[in-house]
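Visitor: I would like to learn how to read the interface and the packing in a model such as this one. Could we go through them step by step?

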Amino acid sequence: MELVQIQRRLVDYTKSLFMEGFLDAQFLQLQQLQDDSNPDFVFEVVSLFFEDSEKLLNELTIALDQPNVDFKKIDSHVHQLKGSSSSIGAQRVKNACIAFRNYCDVQNIEGCLTCLQQVKQECYLVKNKFETLFRLEQQIMASGGSVPTTELGF
Amino acid sequence: MRTTEKIDGYDLSTSDTEEVHVLAVDDSLVDRKVIERLLRISSCKVTAVDSGRRALQYLGLDEEIQKKETNGFDGLKVDLIITDYCMPGMTGYELLKKVKESSAFREIPVVIMSSENVIARIDRCLEKGAEDFIVKPVKLSDVKRIIDYTTTELREGEQREGARARRRGINKRKQREGDDDLSSSPPSTLSSSTSSSPSSSIQSATAPLSPSTLDSPTRRLKMTSSE
């Protein structure tokens, strides 16, 4: 595939992620922080997020499996996950965390379990999206091209 | 950002001194990375720590770790503290309190970051002397705004010092102890009464040089010349 075509594909793909709510404006902020002196910034932050979220999701699974569920602890973990997902612009993960916290507040275990599944699902989905995004970027770089900046005209 | 000023014959060519040095405090690794980058891109020097406790240690305020009374720590002088509110152990609010209750560091502006946009929380922080409150996620425009007025404050502070020195040329310390209350008064009257705690008067009695006089290299130069 020609360079121009891959670049076009990246632009369209990125736009679709915004349209479908996977990403929000905060992701654009991250992209603004990337430049020649920090060419992998977005990749690094996103990677950190997934390392972090994996740990948190494991802790949450264990915590919800206890005979006496510690809702304070759960809320604390979800709060952390909500924060970091918000910082990278992973909107659907963030929203799933907000719903999760609501069930925590009323100490509804079933609700929490359902939400945990949803958060896991959203993390999985957005991870795949990012992987595709980064792959397209790599293809562009490998072809000697530059990654087009995201401009949202809608 | 690099300018040369001449005050009283001293060549104040600014290399490190013009760059704002920010102490960033956040327990989240992701947020720390982002805030660090936001600050660096805004031409700041950054020291990022993961807890209020470590922030106090860096400043030399931790009771358990003995540091010299004067600002003689190995690190750079801190011009601004930006801290997350919700942190395990010591919250950003508690860190704010400790900083504002310390005579050595209460003049350092403290900015609080929080994902929760709660009016009561914001008010509490402002009343305790917080400079500003940013709702997360933090944007580049938020950081630029804060750095802009921190730089202006610092520059104005140095210019005020220079003007005073030229006008009076008296013992700077005596002047400053009188002016301090005026120049560093927090926004609300509530906090100005709480900031004059017994501990701050004890500290200025024992320290030959009140640490607040050493908060800029300009002042340091003038102190040594008057002795």
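Predicted model: local features only at pLDDT ≥ 70, side-chain atom pairs only at ≥ 80, totals over all residues.

Visitor: Which elements of chain A supply the side that touches chain B?

Guide: Helix 2 (25-32), helix 3 (41-64) and helix 4 (71-88) of chain A each supply at least two residues, and the largest share, eight residues, comes from helix 4 of chain A. Sorted by class, this side of chain A holds seven nonpolar, 11 polar and five charged residues.

Visitor: How many salt bridges are counted between chain A and chain B?

Guide: The count is four, and a salt bridge joins the side chains of B:Arg37 and A:Asp35, with an N to O distance of 3.0 Å.

Visitor: What is the area buried between the two chains?

Guide: The size of an interface is often given as the accessible area lost when the parts come together. Here the buried area is about 1600 Å², of which carbon and sulfur atoms give 61%, while the contact takes 23 residues from chain A and 17 residues from chain B.

Visitor: Which residues touch the most other members of the largest nonpolar core?

Guide: In soluble globular proteins, nonpolar side chains tend to be buried together. In this model the largest nonpolar core has 65 residues, and those touching the most other members are A:Ile74, A:Phe100, A:Phe130, B:Ile35, B:Leu39 and B:Ile82. Helix 3 of chain A gives the most to this core, with 12 residues. A second, separate core of 24 residues includes B:Leu59 and B:Tyr93.

Key:
Residues numbered from 1 in each chain as written. Chains lettered and ligands numbered in written order. Heavy atoms only, no water. Contact = heavy atoms within 4.5 Å. Buried area = accessible area lost by both parts, 1.4 Å probe. Helix = DSSP H or I, 4+ residues; strand = E, 2+ residues; numbered from the N terminus. Nonpolar A, V, L, I, M, F, W, Y, C, P; charged D, E, K, R; others polar. Core = buried A, V, L, I, M, F, W, Y, C linked by side-chain atoms within 4.5 Å. Buried < 20%, exposed > 50% of the residue type's maximum accessible area, 1.4 Å probe, protein only.
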